[in-house]
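Let's take a walk through this one, stopping at a few backbone and side-chain details along the way. Keep the viewer open as you read.

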Amino acid sequence: MTFINYASKEINCKIVFYGPGLCGKTTNLQYIYNKTAPESKGKMISLATEADRTLFFDFLPLDLGSIRGFTTRFHLYTVPGQVFYDASRKLILKGVDGVVFVADSQEERMEANIESIRNLEQNLKEHGFDLATIPYALQFNKRDLPSVVPVEEMYRTLNYKREPTFEAVATTGVGVFDTLKSVAKQILIELKKR
Amino acid sequence: MCAADFVLYEEEFKHLEEALRRLRQEANAKAVFLIDKNGQQIASAGETEQFDTTSLASLTAGNVAATDGLAKLIGEREFSVLFHEGQQDHIHISIVAKRAILVVIFDDRSSLGLVRLRVKRASVELEKIFEVMMQKGERGAQGSIHASPFSEITDDDIDALFGE
């Protein structure tokens with residue numbers, strides 16, 4: 001749910017990074033945070049366990065500049081990926097404008113990817129959203145690892161609606177901004193339609 | 001996107017700010033914030049410059065969402081008030097008009113009792129403003145208020161945003 005503030009001439013959108021445990025959602029946000037100019041970003045918040053696993057969410061506010069006189073602000077969130085945190089995951093999707101699904105390219109994580117997309121679909125539905133229509137981008141992360149599944153096969157298995165898909169190595173930043181731009185663009189195009 | 005956008009016009013923004021200013025004064029609070037349940041700040045009053053307001057809004061919304069989840073787990077509709085007591089500063093959080101969160105930060109110059117009393121009164125006023133906002137938002141969606149500034153944006157505008 002986009003928040004349009006005519007008084008302060010601001011538009012605020014919410015993007016959620018979804019995906020199975022340890023797929024690199026937080027690493028995506030950390031890369032974006034590290035590469036963004038200080039004046040365009042707020043503080044990054046990570047609610048994590050002592051072992052650095054996301055417990056509730058990571059949050060990063062980003063200022064993308066202005067469009068038609070309105071400051072365009074994106075609030076990026078990650079969800080906790082571990083299966084048993086489903087109640088928390090559901091909460092983060094509240095009011096979402098666009099979703100990035102970060103898939104782990106390693107062969108042994110394909111089942112977890114599939115289960116997580118199903119979980120995303122279900123949790124979106126509970127908030128009244130439909131994965132088939134919401135702005136959405138798919139990222140194949142960890143392309144630098146040895147046991148990765150070929151891109152074509154991942155596409156066949158994980159692509160939901162011919163959404164834009166990106167190969168990525170979030171630790172070095174490959175594909176990270178492309179994924180973000182893709183979903184942000186889709187959100188703005190949606191706004192234009194309304 | 002299926003949920004309606006949340007649109008705030010200048011007039012209601014001024015009314016909200018005025019109500020928050022009055023609440024801050026009457027409750028003798030340090031700062032007062034009104035936050036959307038999705039974590040966006042709507043309006044504020046008082047000594048807000050000493051706080052990271054974006055983080056405050058996001059964490060408060062997370063806090064309220066988690067507490068809402070807890071309420072449902074035990075069969076309650078909601079916990080409408082949260083209170084965090086610190087050594088010097090305290091935070092009083094309440095739900096207004098079902099969709100917004102009112103945050104009052106105060107210290108020992110005030111008291112929980114006073115804050116609760118003033119929050120109750122202010123909530124009634126805020127709810128009325130929200131009602132007007134929702135009606136305006138609906139009319140806006142039907143096109144009877146000025147058109148969305150985004151109906152005119154071009155692909156070039158969007159590309160420019162990303163420096164392409």
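Start in chain B, in the loop between β5 (90-96) and β6 (100-106), where you'll find K98(B). Bear in mind that you're looking at a predicted model. The phi of K98(B) is near 65°, a positive value in a residue other than glycine. K98(B) has a relative accessible area of 68%, so it counts as exposed.

Now hop over to chain A for another positive phi. D52(A) sits in the loop between β3 (45-48) and β4 (54-67) of chain A. Its phi is near 65°, again positive although the residue isn't a glycine. D52(A) is exposed too, because its relative accessible area of 66% is over the 50% cut-off.

While you're in chain A, have a look at the charges on its surface. E107(A), E108(A), E152(A) and E153(A) gather there in a patch of negative charge. One of them, E152(A), belongs to helix α4 (residues 151-158) of chain A. With 53% relative accessibility, E152(A) counts as exposed.

Next up is helix α5 of chain A, residues 176-193. Which residues of α5(A) are buried? The list runs V176(A), T179(A), L180(A), S182(A), V183(A), A184(A), I187(A), L188(A), E190(A) and L191(A).

On to charge pairs. Side chains of opposite charge can pair when their charged atoms come close. Over all chains, a search of the whole structure turns up 17 salt bridges. In chain A, E167(A) forms one with R143(A), and the closest N and O atoms are 3.8 Å apart. E167(A) lies in strand β8 (residues 165-167) and R143(A) in the loop between β7 (136-141) and α4, so the pair ties together parts of chain A that are 24 residues apart in sequence.

Back in chain B, E11(B) forms a salt bridge with K136(B), with 3.3 Å between the closest N and O atoms. This pair links distant parts of the chain: E11(B) is in helix α1 (residues 10-26) and K136(B) in helix α3 (residues 112-141), 125 residues apart. E11(B) is partly exposed, at a relative accessible area of 45%. K136(B), on the other hand, has 15% relative accessibility and so counts as buried.

R22(B) forms a salt bridge with E125(B), and here the closest N and O atoms are 2.2 Å apart. Since R22(B) lies in α1 and E125(B) in α3 of chain B, the pair ties together parts that are 103 residues apart in sequence.

Notes:
Residues numbered from 1 in each chain as written. Chains lettered and ligands numbered in written order. Predicted model: local features only at pLDDT ≥ 70, side-chain atom pairs only at ≥ 80, totals over all residues. Heavy atoms only, no water. Helix = DSSP H or I, 4+ residues; strand = E, 2+ residues; numbered from the N terminus. Buried < 20%, exposed > 50% of the residue type's maximum accessible area, 1.4 Å probe, protein only. Patch = residues over 30% accessible without salt bridge, like charges linked within 9 Å, V, L, I, M, F, W, Y side chains within 5 Å. Areas by Shrake-Rupley, 256 points an atom, 1.4 Å probe, with all protein chains shown as cover. Salt bridge = Lys/Arg side-chain N within 4 Å of Asp/Glu carboxyl O. Lys, Arg positive; Asp, Glu negative; His and termini not counted. Charge placed at Lys NZ, Arg CZ, Asp CG, Glu CD. Expected span 1.5 Å × (residues − 1).
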